[in-house]
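Please look over the fold and the ligand site of the protein below. The report takes the sheets and the ligand shell in turn.

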Amino acid sequence: EGQNNLVMCRELGRDYGGQTAVSSLSFSLARGEVLGFLGPNGAGKSTTMNMLSGCLAPSRGEVEICGIDLLASPAQAKAHIGYMPEHPPLYPELTVDEYLRFAARLRGLPRRRVKAAVETARERCGLADVGHRPIGQLSRGYQQRVGIAQAIVHEPALVILDEPTVGLDPNQVREIRALIQTLARDHGVILSTHILPEVAAVCSRVQIMVRGQLVFESPMAELGDAGEGGGRLKLHL
Ligand code: ATP
């Protein structure tokens, strides 16, 4: 234990005023895992993703990313994290390449490494032919690929995706899920979703979140027909 963990999270929580959004979350993520946080709207998924990515200060608890304390050494820890928020700020007038170069510099990549990093991210996300297109002219599905490309441009060990397929049509959903599966070969992945078929399609493990708490967790392999109609998962929702 320890060495192999990308994420170690202990009693992580967040309040807003007197309200508890996330109460006390403890879990770890090993390399090679795709972990899904499944839960209804308001369960605290986005709050959790924002804390794990270092974008939101927790009210309590600890997070280690690749053995680095996220709260004590945020800059060092964040070098290992790629994050796609639920609504990534995509600048519609920028081309895909301009935006990815901007993201790469923001993540602290030295100038001389930016060009290759952008090309690799573009290639890996199926954006090879659209580098010179303004983001605003792309379909929703392609814009989502750009959102994922900016999250992996610095080759982080951990990729966090908040509701990665929300608002996409069925074909785009299939394409983005396939892309997430290819990412999982090289990165640990944490994603949030409110739809069961999403975890069934891409995750190796699921944690169900209700009202700020984890109420169930299981490897997908032990859930039988989760992909079909819900199987054992239905009992817990
Ligand atoms: P969704 O899919 O709708 O984003 P979620 O599971 O991601 O749902 P959160 O967005 O994390 O849930 O919200 C959890 C709870 O915290 C909700 O009750 C929400 O109203 C509250 N909350 C979230 N952000 C804030 C904020 N900035 N100020 C006050 N309350 C907030």
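Predicted model: local features only at pLDDT ≥ 70, side-chain atom pairs only at ≥ 80, totals over all residues.

Residues are numbered from 1 along each chain as its sequence is written, and side-chain values use heavy atoms, with hydrogens and water left out.

Helices (H or I, at least four residues) and strands (E, at least two) are DSSP runs, numbered from the N terminus. Two strands pair if DSSP finds at least two bridges between them. Axes are lines fitted to C-alpha atoms, for helices over the stretch in contact, and angles run from 0 to 180 degrees between N-to-C directions.

Strands β3 (residues 34–38) and β8 (residues 188–193) run parallel and are joined by 5 bridges. Here F37 has S192 in β8 as its bridge partner. Contact means heavy atoms within 4.5 Å.

I208 stands opposite F216 in β10. The two strands form a hairpin with 2 residues between them. In that turn, R211 has a positive phi of about 45°.

**The four-stranded sheet**

A second open sheet has 4 strands in the order β2-β1-β4-β5, with antiparallel pairing. Its edge strands are β2 (19–30) and β5 (68–69). Each has a single partner strand, so one side of each lacks a neighbour in the sheet.

Strand β1 (residues 5–16) pairs with β4 (residues 60–65) over 5 bridges, in the antiparallel sense. R10 stands opposite E62 in β4. Helix α1 packs on this sheet too, touching β1, β2 and β4. Its direction makes about 125° with that of β1.

β1 also pairs with β2, antiparallel, over 8 bridges. Y16 stands opposite Q19 in β2. These strands form a hairpin with 2 residues between them, and G17 in the turn has a positive phi of about 60°.

**The ligand site**

Which residues are around the ligand? They are Y16, A21, P40, N41, G42, A43, G44, K45, S46, T47, E86 and E163. A residue is near a molecule if one of its heavy atoms lies within 4 Å of it. The shell divides into 4 nonpolar, 5 polar and 3 charged residues. Helix α1 gives the most to the shell, with 3 residues.

| Residue | Protein atom | Ligand atom | Distance |
|---|---|---|---|
| N41 | polar side-chain atom | oxygen | 3.2 Å |
| G42 | backbone N or O atom | oxygen | 2.7 Å |
| K45 | backbone N or O atom | oxygen | 2.9 Å |

On its own, the ligand has 630 Å² of accessible area, and the protein covers 55% of that. Accessible areas come from the Shrake-Rupley method with a 1.4 Å probe.

Notes
Polar contact = N/O pair within 3.5 Å; in protein donor to acceptor, adjacent residues only side chain to side chain. Nonpolar A, V, L, I, M, F, W, Y, C, P; charged D, E, K, R; others polar.
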